[in-house]
Amino acid sequence: NKGIYYPAVKPDSVRITTELLPSESYTEIAFLYMQESELENVVRLSRKRAGEIGGEAIMNARVGVKVKQTGSFFSFPIYDRAYFVRGVVVRRKGPS
């Protein structure tokens, strides 16, 4: 929604759902992708960012972990882990 701005929402009130919400009830604001080294941080920052742009929910959210081998110590692999949240930031249509 280029050029459309919404009032900020408190991060604690931003809902994260794995479901698709009815399109007639919600307006898609943005696609969100966040990645952090700790799960708690990525969830907190995702809610914060969605709230800053006026999102009331992150729908169809996927929360997961990416693991990749970054090296080895003798014959033992060393892994790097990053948690992510991705989804669509939405806001209810009409007055909230």
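Figure 1. At 58% relative accessibility, phenylalanine 76 is classed as exposed; exposed denotes over 50% relative accessible area, buried under 20%, and partly exposed the range in between (1.4 Å probe, protein chains only). Phenylalanine 76 belongs to strand β4 (residues 76–92). Together, Phe73, Phe74, Phe76 and Ile78 make a nonpolar surface patch of about 520 Å². Patches comprise residues with over 30% relative accessible area and no salt bridge, with like charges joined within 9 Å and nonpolar side chains (Val, Leu, Ile, Met, Phe, Trp, Tyr) within 5 Å. Areas were computed by the Shrake-Rupley method with a 1.4 Å probe, and for residues only the protein chains shown count as cover.

The model is predicted: local features need pLDDT of at least 70, side-chain atom pairs count only at pLDDT 80 or more, and totals for chains, interfaces and linings use all residues. Residues are numbered from 1 along each chain as its sequence is written, and side-chain values use heavy atoms, with hydrogens and water left out.

Figure 2. Lys48, Arg49 and Glu52 are joined in a network of salt bridges, each defined as a side-chain nitrogen of Lys or Arg within 4 Å of a carboxyl oxygen of Asp or Glu. The closest N and O atoms are 3.5 Å apart for glutamate 52 and lysine 48, and 3.2 Å apart for arginine 49 and glutamate 52. Glutamate 52 and lysine 48 are separated by about one helical turn because they stand four residues apart in helix α1. Helices (H or I, at least four residues) and strands (E, at least two) are DSSP runs, numbered from the N terminus. Glutamate 52 is partly exposed at 40% relative accessibility.

**Figure 3. The salt bridge between glutamate 56 and arginine 92.** The side chains of these residues, glutamate 56 and arginine 92, pair at 3.4 Å, N to O. Glutamate 56 lies in the loop between α1 and β3 and arginine 92 in strand β4, so the pair ties together parts 36 residues apart in sequence. Glutamate 56 is buried at 14% relative accessibility, whereas arginine 92 is partly exposed at 42%.

**Figure 4. The surroundings of serine 46.** Serine 46 is located in helix α1 (residues 39–52) and is buried, at 0% relative accessibility. Apart from neighbours within four places in sequence, serine 46 contacts Leu32, Met34, Ile58 and Val85, a contact being heavy atoms within 4.5 Å.
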